[in-house]
Amino acid sequence: MDLSNLKIFLMKSTISSFICLLFLNTLFSNENQELMQLWQIMEKKIKIDLKEDFSNKNIIGYLSYFAPNSNINIYQRGKDTSGKDGQGKTIKVFNGNIFCSIIRARIPAKIMAKTLFKRLAKQNYKNSEIQLLAIDYNDGMLKGYIRIERYNTMNEKYMSAKGLYTFKNINQEWYITEISTFDDNSLSDNLIDLKNMWYPKKKE
């Protein structure tokens with residue numbers, strides 16, 4: 001290959017590399033924009049809306065975040081956050097009418113919510129603070145990793161835990177289909193593989 005052909009070859013290689021790099025940057029930029037949009041949707045839903053309905057012990061409002069007419073599994077991976085001693089419990093709920101819940105051998109969502117809020121009242125519960133820590137979006141499935149803190153009427157924090165919420169998009173709205181709760185420590189971050197989840201300003 002003579003010098004002239006070599007220059008042409010190098011020029012073409014440089015242009016091809018630049019185009020490839022530009023394409024990859026655009027691809028990553030679009031992906032980050034989509035994740036940021038999902039983050040903003042989830043942050044409002046969890047940090048503001050869900051927090052308000054849960055803190056107000058609004059049963060109808062609270063259940064509106066769960067997928068309608070669907071099975072909901074709640075996995076307790078850490079200590080019992082309901083106020084009872086225990087660990088490793090699974091709660092099988094159906095968010096629909098009671099008759100369908102009985103047929104499916106699942107707890108009706110309304111009964112689950114009423115039981116939960118009664119326990120909170122005995123704990124002098126006042127309100128919750130909820131923080132979105134990270135999200136993961138893959139093949140249409142959205143997961144949100146959150147921290148929950150509960151405060152009593154003396155404004156004292158008496159409980160903190162982490163949770164991994166799975167969401168399904170139904171009619172352009174994200175609904176909870178599964179919850180896993182964990183102790184509030186770094187071990188939980190490893191269990192859910194936090195390093196591979198996304199959050200704003202994360203360094204790729």
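E173 and K45 meet in a salt bridge (a side-chain nitrogen of Lys or Arg within 4 Å of a carboxyl oxygen of Asp or Glu), with their closest N and O atoms 2.8 Å apart. E173 sits in strand β7 (residues 173–183) and K45 in helix α1 (residues 3–55), so this pair ties together parts that are 128 residues apart in sequence. Please keep in mind that this is a predicted model, in which local features need pLDDT of at least 70 and side-chain atom pairs count only at pLDDT 80 or more, while totals for chains, interfaces and linings use all residues. Residues are numbered from 1 along each chain as its sequence is written, and side-chain values use heavy atoms, leaving out hydrogens and water.

- K45 is buried (under 20% relative accessible area, with exposed over 50% and partly exposed in between, 1.4 Å probe, protein chains only), at 9%.
- E173 is partly exposed, at 34% relative accessibility.

**Other salt bridges**
- The structure holds eight salt bridges.
- One of them joins D184 and K162, whose closest N and O atoms are 3.7 Å apart.
- D184 lies in the loop between β7 and α5 (186–191) and K162 in strand β6 (residues 157–170), so the bridge links parts 22 residues apart in sequence.
- K162 is buried at 4% relative accessibility, whereas D184 is partly exposed at 29%.
- E149 is buried, with a relative accessible area of 18%, and K157 is partly exposed, with 47%.

How values were computed. Helix = DSSP H or I, 4+ residues; strand = E, 2+ residues; numbered from the N terminus.
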